[in-house]
Amino acid sequence: MEKIKVAVLGATGIVGQVFMWMLSNHRQFEIAFITASSPRIGKSYGDDARWMLPFEMPDNIKHIKFEELDYSKLEKLGIKVVFSALLSEVAMRVEPELRANNFWVFSNASALRYDENVPILIPEVNIESMDLIMGQGFPEKGFVITNANCSVTGLAVALAPLRKFGIKEVFVSTYQAISGAGYPGLSALDISGNLIPYIKEEEEKIDIELKKILGIEADVFPYCVRTPNLFGHLETVWVKFRESVNEDAVIGAWENFKMEELDIPSLPQKPIVYDKRVDFPQPKMSFFGNPPGMPVFTGRVRKEKDRIGFVLLVNNLVKGAAGGSIQNAEAFIKRFGG
Ligand SMILES: NC(=O)c1ccc[n+]([C@@H]2O[C@H](COP(=O)([O-])OP(=O)(O)OC[C@H]3O[C@@H](n4cnc5c(N)ncnc54)[C@H](OP(=O)(O)O)[C@@H]3O)[C@@H](O)[C@H]2O)c1
């Protein structure tokens with residue numbers, strides 16, 4: 001089968017690198033066009049990108065050259081699918097232009113996430129939200145589909161199979177990796193051997209996005225902390241349900257959450273991996289799973305009074321960013337074709 005040609009915008013950033021790694025060997029997609037900031041135009045990825053992932057840069061992406069974003073060139077190359085790992089301020093200008101020029105944009109940026117007709121899509125959680133693209137003018141015009149903020153992604157996946165118990169209140173504390181701040185991100189003096197109990201606009205995003213994605217009216221109480229680990233956001237969660245729920249019901253709901261009907265390549269066989277080991281999960285497991293970094297890991301379930309508590313781990317760069325976007329594109333192609 002001929003692969004679908006795609007573009008990656010912001011290919012040198014930490015999320016862009018995960019796009020390049022995952023798309024270098026994808027069953028349906030092949031990279032045909034990449035951008036970064038203008039000084040890189042004409043240089044090759046292998047020579048100019050500062051690779052930060054904990055494994056080697058794939059050989060087959062090293063020769064790809066950075067180009068200027070040129071809509072007519074994308075069209076000539078037969079590219080419709082555009083993956084955006086742009087900073088939000090750049091995405092705010094570029095993504096609506098791409099949409100107006102009939103491209104299909106799968107974005108990590110928060111720029112358009114809160115627009116009424118822009119889905120924040122996580123296929124195993126809210127596949128029905130894809131219908132919103134009709135409100136953007138699809139199929140006559142292009143569209144933007146976003147994925148959620150990285151912390152919200154893990155929380156929304158872990159809570160999706162628990163929606164049936166009636167989620168009333170969610171208390172969440174996040175312990176977020178440095179890579180969540182992009183590259184070069186925070187200064188070493190700020191974060192080495194330290195924790196920072198504030199991440200700009202993160203708590204607001206958790207509140208708004210969780211309710212939009214799950215379609216619930218719950219009260220959400222987040223605290224977000226930046227930690228010095230490299231990859232993976234850990235979250236401790238307490239949930240109050242409308243129904244009386246015990247630990248076994250929660251674990252059973254996760255174990256039975258398979259979503260095979262979606263039938264898309266990057267969906268893990270088990271989107272939620274629960275383990276009863278007392279010290280599970282940990283950020284060093286961020287790239288575990290099949291595909292690596294795509295499952296949400298949960299553990300330490302316990303009931304106190306009328307609340308259920310648990311710990312989760314989400315790979316902020318894979319499931320929480322580039323991998324989530326790739327899944328969204330797979331789900332779109334499955335429904336509408338390439
Ligand atoms: N990091 C995460 O865990 C995470 C998770 C979910 C979503 N996100 C979102 O994903 C997006 C990318 O995040 P990141 O962490 O990968 O950021 P990053 O490491 O700072 O990367 C930013 C990318 O944008 C490019 N860029 C900067 N200015 C540009 C311009 N004027 N024109 C074109 N390209 C430009 C950069 O190119 P140069 O290298 O040439 O400067 C780089 O490729 C952001 O919107 C972020 O909020 C991040």
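Mentor: Here is the sheet, followed by its helices and then the ring pairs. Keep in mind that this is a predicted model.

Six strands form an open sheet, ordered 7-6-8-11-10-9. The pairing is mixed. Strand 7 and strand 9 (272–274) sit at the edges, and each pairs on one side only. On average, neighbouring strands of this sheet are turned by 25 degrees against each other, direction ignored.

Now look at strand 8. Strand 8 covers residues 233–241 and is joined to strand 11 (residues 307–314) by eight bridges. These two strands run antiparallel. Leu234 has Leu313 in strand 11 as its bridge partner. Strand 6 is also joined to strand 8 by eight bridges, and that pair runs antiparallel too. Here Phe171 has Trp238 in strand 8 as its bridge partner. Trp238 also stands opposite Gly309 in strand 11. How much of strand 8 is buried? Seven of its nine residues are buried, so to speak mostly covered.

Next, the helices on the sheet. Helix 6 lies across strand 6, strand 8, strand 9, strand 10 (296–304) and strand 11. Helix 6 runs at about 130 degrees to strand 11. Helix 8 lies across strand 6 and strand 7. Its direction is at about 135 degrees to strand 7.

Stay with helix 8. It spans residues 202–214, which makes 13 residues. From first C-alpha to last, helix 8 reaches 18 Å, close to the 18 Å expected at 1.5 Å a residue. Its buried residues are Glu202, Lys205, Ile206, Glu209, Leu210, Ile213 and Leu214. Why are they on the same side of helix 8? Because they cover an arc of only 115 degrees around the axis. These buried residues pack against helix 5 (123–126), helix 6 (150–159), strand 6 (167–176) and strand 7 (219–226). After helix 8 comes Gly215, with a positive phi near 65 degrees.

Now the rings. A pair of aromatic rings is described by two values: the distance of the centres and the angle of the planes. The count comes to 25 aromatic pairs. Take Phe29 and Phe83. Their ring centres are 5.9 Å apart and their planes stand at 75 degrees, so the pair is edge-to-face. This pair links distant parts of the chain. Phe29 belongs to strand 2 (residues 29–35), Phe83 to strand 3 (residues 81–84), and the two are 54 residues apart. Phe29 is buried, with a relative accessible area of 0%. Phe83 is buried as well, also with a relative accessible area of 0%.

Trp104 and Phe138 give another edge-to-face pair, at 6.4 Å centre to centre and 80 degrees between the planes. This pair, too, links distant parts of the chain, 34 residues apart. Trp104 is in strand 4 (residues 104–107). Phe138 is in the loop between helix 5 and strand 5 (143–146). Both Trp104 and Phe138 are buried.

Ring pairs link Phe19, Phe29, Phe83, Trp104, Phe106, Phe138, Phe143, Phe332 and Phe336 into it.

Definitions and conventions:
Residues numbered from 1 in each chain as written. Predicted model: local features only at pLDDT ≥ 70, side-chain atom pairs only at ≥ 80, totals over all residues. Heavy atoms only, no water. Helix = DSSP H or I, 4+ residues; strand = E, 2+ residues; numbered from the N terminus. Expected span 1.5 Å × (residues − 1). Buried < 20%, exposed > 50% of the residue type's maximum accessible area, 1.4 Å probe, protein only. Arc of directions from axis to C-beta. Contact = heavy atoms within 4.5 Å. Pairing = 2+ DSSP bridges. Axes fitted to C-alpha atoms, helices over the stretch in contact; angles between N-to-C directions. Phe/Tyr/Trp six-rings, centres within 6.5 Å; stacked < 30°, edge-to-face > 60°.
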